[in-house]
Amino acid sequence: WARGVPGCGVSLGAGCSRGCGALPRMPGVPGCGVRCSPAGAPGALPPGGYRAWRERAARDPAGFWADVARGWLRWDSPFHTAWQPGDTAGSARWFLGGRLNVSVNCLDQHVEKSPNRVALIWERDEPGTAVHVTYRELQDLTCRLANTLKKYGIQKGDRVAIYMSVSPLSVAAMLACARIGAVHTVVFAGFSAESLAGRIMDSGCKAVITYNQGVRGGRTIELKATVDEAVKNCPSIKHVFVAQRTDNKVHMGDRDIPLEEEMTKADSTCIPESMDSEDVLFMLYTSGSTGKPKGIVHTQAGYLLYAALTHKYVFDYQQGDVFGCVADIGWITGHSYVVYGPLCNGATSVLFESTPVYPDPGRYWEVVQRLKINQFYGAPTAIRLLLNYGEEWVKKYDRSSLRVLGSVGEPINKEAWQWFYQVVGEGRCTLVDTWWQTETGGICIAPRPSEEEAEIVPAMAMRPFFGIVPVLMDENGEVIEGNDVSGALCIAQPWPGMARTIHGDHQRFIDAYFKAYPGAFAFIVLKEQTARVDHIKEELKTIVASKIAKYAVPDHILVVKRLPKTRSGKIMRRLLRKVITEQSSNMGDVTTLDDPSVVKEILDAYQKYKEKNSS
């Protein structure tokens, strides 16, 4: 691996002044082609393994990430400073002075070496109609779309909304924006016109890219009609680019542009814009506690590097694997582990357009068999749903290609974990329960990478990724030391993939992520009716104090009949926050609730609670 590392079989030239063993190429040597993996695979862990990398990343973050960035990414201009901590919270910057283009890293570098390697497998809603797209084909698609955007006045720094179902064209739309320096904001294609309009207005988008219709679970979704409704109140929108997912015609107005028709006229070569490492790559909106969505901002180099590195090491990605993340591109999971991470690594990434139960509950596993998927990354909500259908839908299909299973989106309960591991993975696949969120850019805590054969505890994320330094803090903001302690989980130092700000409101970014939250308010649902409600509340406070921490004891506990849940079973916590912050006049989009009448129930209960406690 490097000078001074026992067992290294690589003879370093005189020009190589150092070698930390943290790279697929030797650091600091222009044009160095040495591949230092004992197994011959770029990016394999060096002698010392996970522990050595983790300790170095914590001890010397600037040096660690500088070495990794030089070897992993293709730069137009090298950076002069790997990490600038900044003098205020949330002001860290990475790879200063460096310039690159994300689409070049995701496309061009692979087209040069393996143009016919499959980049995307589009698993369409209709079973058995998968479409394979090579890196050369995806580059062609991206460049034509990029030139079309430029033709209609979209340029560096402009914001573009993407409201599309999962497809190669939607991926090309993201990469086309990256190629010309435009900022994309992908909006999940199930959101309402109101939600779409809110995101467009907040970001000031100049254009929308959409489909005439979407197809999911055998149903047709009126995407263009939703866009038409949304942009009525969005004066910033100059053009709506409309692609055809179905053969059905839709209304085309004055600002509507038939996308494929324009792309056939466009050049298949588009010179990439050289971007500063800290230029904005994309914005992705998350629901805010006050109702106004937060436009989380991610930048070019740091985000891409972190997505690629976590994709490689958490999932043990090897060249030639078929990587199957079934998330929608409208979420951060789709951004990091369907698009940017896999494509930067030259992987074959699956685009899943359908649902886990269409046409039957065996859909996931039939796809695994047919596409020979090696890594499967899905959500606990879907796993719990499929568990209810029994084992026969799983065992009907050959899953021998699977090597790694992944869980994302929320904590996975032990029953679902065991079913996923024993039934789906046949007790032989590594199962990584991943902890992260939109703001982190990529996976922060997961069982892998780790020392070889290290234990994996069911339903636990367990180990911090390189550069992630977790600490526990008490109610006074002091770090808690020791093994048998509890507190608030915080991350002590920045990492390249973390968000930089909230669009248009940096103070909100500081307040939301770098300050303690005042007041914890708990909503509870009782399994049985009882007259001893006050006693139960006190018991709960005692349990929280002893099992979690005193600072976590709720100041208020409100008993309700039921909680606001989406049709997939997730609790819509932002509605609960709106109730207690008395923002109920602006609840935002509640169309995804299983039963919207629950909101009034909770409001009534809160009002009675308030009146009782104020008297």
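The legends below describe close-up views of a predicted model.

**View 1. The largest cavity and its lining residues.** By class, the lining of the largest cavity comprises 7 nonpolar residues, 1 polar residue and no charged residue. At least two of the lining residues come from strand 17 (348–352), and at least two from helix 11 (363–371).

**View 2. The cis peptide bond between Tyr358 and Pro359.** The bond joining Tyr358 to Pro359 is cis, with omega about 0 degrees. Pro359 belongs to the loop between strand 17 and helix 11, the two elements that each supply at least two residues to the lining of the largest cavity. For context, most peptide bonds are trans.

**View 3. The loop between strand 21 and strand 22, with Pro449 and Met462.** Strand 21 spans 445–446 and strand 22 spans 463–464, and Pro449 is located in the loop between them. The peptide bond leading from Arg448 to Pro449 is cis, its omega being near 10 degrees. Met462 is found in the loop between strand 21 and strand 22 as well. Although Met462 is not a glycine, its phi is positive, near 80 degrees.

**View 4. The loop between helix 9 and strand 16, with Asp316.** Helix 9 covers 300–314 and strand 16 covers 322–325, with Asp316 in the loop between them. Asp316 is a residue other than glycine with a positive phi, about 50 degrees. Most residues other than glycine have a negative phi. The relative accessible area of Asp316 is 36%, so this residue is classed as partly exposed.

**View 5. The salt bridge between Asp321 and Arg403.** The side chains of Asp321 and Arg403 pair with an N to O distance of 2.7 Å. Because Asp321 lies in the loop between helix 9 and strand 16, and Arg403 in the loop between helix 13 (392–395) and strand 19 (404–407), the pair ties together parts that are 82 residues apart in sequence. Asp321 is buried, at 8% relative accessible area, whereas Arg403 is partly exposed, at 30%. Side chains of opposite charge can pair when their charged atoms come close.

**View 6. The salt bridge between Arg93 and Glu278.** In this pair, the N to O distance is 3.9 Å. The two partners come from distant parts of the chain, 185 residues apart: Arg93 is in strand 2 (residues 93–96), and Glu278 is in the loop between strand 13 (275–276) and strand 14 (280–286). Arg93 is partly exposed, with 27% relative accessibility. Glu278 has a relative accessibility of 17% and so counts as buried, the cut-off for that class being under 20%.

**View 7. The salt bridge between Arg124 and Glu126.** The structure has 31 salt bridges, one of them formed by Arg124 and Glu126. The closest N and O atoms of Arg124 and Glu126 are 3.6 Å apart. Glu126 is partly exposed, with a relative accessibility of 27%.

Key: Residues are numbered from 1 along each chain as its sequence is written. This is a predicted model: local features need pLDDT of at least 70, side-chain atom pairs count only at pLDDT 80 or more; totals for chains, interfaces and linings use all residues. Side-chain values use heavy atoms; hydrogens and water are left out. On a 1 Å grid over the protein atoms alone, a cavity is a set of points where a 1.4 Å probe fits but cannot get out, and a pocket is an open set with protein on both sides within 12 Å along at least five of seven lines; lining residues have an atom within 4 Å of a point. Helices (H or I, at least four residues) and strands (E, at least two) are DSSP runs, numbered from the N terminus. Ala, Val, Leu, Ile, Met, Phe, Trp, Tyr, Cys and Pro count as nonpolar, Asp, Glu, Lys and Arg as charged, and the others, Gly among them, as polar. Buried means under 20% relative accessible area, exposed over 50%, partly exposed in between (1.4 Å probe, protein chains only). A salt bridge is a side-chain nitrogen of Lys or Arg within 4 Å of a carboxyl oxygen of Asp or Glu.
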